[in-house]
Amino acid sequence: MNTYIALLRGINVSGHNKIKMVDLQQLFINIGYTNITTYIQSGNVIFSSDELNTSKIEYTIINETEKQFSYAIKVIVLKKSELAAIYNFNAFKNITELDFKKVCVTILKEKPTEEGIEKVKSLAATDEKIIFKEKNVYIYCPNGFGKTKLSNTNIESKLKISATSRNWNTITKLVELSNI
C-alpha cells in the first residue's frame, strides 16, 4: 500500500461547496481507499491505495466528488515522499526572524515555465518573499495572505497551471499525520 495526500481545492470556502469531513472520508472509503485521515475542513485527505498512478487517483476523486456532491473541484495528489520533500526543502528554514504563520506553499500540477515564474514574481510586494522549487512555490507574506497579490487564483492565472495552496502549519501537520 502506498500513502498519498489528496489536496482538494475549492471545498468549504466561504460557505461554498460544503462537504463534511465524515462525508469526504466516506467518499474515499467508497472509492476503495484505506487508512483515511482528514485534516481540517479545507480538503486535506491522507489515505492508502495500491494504485501507483497519481493522475488516475486525481481523476477518480474528481469524478466521484462530482457524482456524489455535484461539485466540480480540482485535486492534487502527492505521494508521501513528495510531501516530505516539500517540507524538508522549506525555502525559509534558515531565516529565523520569519513568522511561519505567514508562510505558505502553493503546489502546482506541473512545473512552470521561466516566463510564468517571472510573471508571478512581478506580483510580489517588496516585503514579500517568493521562491520556486520544481512544482512548488514557497511564499512569505508578512502582511497576511488576504492582502497579497500572490493568491492561488493569481498564481494559476499567471502560470496557466492548476494549483492549490496550504499554509505552513497545514503542511507540517500533514507530514506528521502521514507518518503515523
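Predicted model: local features only at pLDDT ≥ 70, side-chain atom pairs only at ≥ 80, totals over all residues.
Visitor: Which element gives the largest share of the lining of the largest pocket?
Guide: Strand β8 does, with four residues. A pocket here is an open set of points on a 1 Å grid over the protein atoms alone, where a 1.4 Å probe fits, with protein on both sides within 12 Å along at least five of seven lines; lining residues have an atom within 4 Å of a point.

Visitor: Which elements supply at least two residues each?
Guide: β1 (2-9), α5 and β8 (163-167). Helices (H or I, at least four residues) and strands (E, at least two) are DSSP runs, numbered from the N terminus.

Visitor: α5, then. Which of its residues are buried?
Guide: Asn152, Ile155, Glu156 and Leu159 of α5 are buried, meaning under 20% relative accessible area, while exposed means over 50%. Down the axis of α5, the buried residues fall within an arc of 100°, so they line one face of the helix. That arc is taken from the directions from the helix axis to the C-beta atoms.

Visitor: What comes just after α5?
Guide: Lysine 160, which takes a positive phi of about 60°.

Visitor: New topic: α4. Which residues are buried there?
Guide: Gly116, Ile117 and Val120 are buried in α4, which spans residues 114-121. They sit on the same side of α4 because they cover an arc of only 100° around the axis.

Visitor: And the other side, buried or exposed?
Guide: On the other side of α4, Glu114 and Glu115 are exposed.

Visitor: Last one: how many residues line the second largest pocket?
Guide: The second largest pocket has 18 lining residues, and Leu78, Glu82, Ile86, Lys135 and Asn136 lie nearest its centre. Two or more lining residues come from each of α2 (54-69), β4 (74-79), α3 (80-89), β5 (103-108) and β7 (136-140).

Methods
Residues numbered from 1 in each chain as written. Heavy atoms only, no water. Buried < 20%, exposed > 50% of the residue type's maximum accessible area, 1.4 Å probe, protein only.
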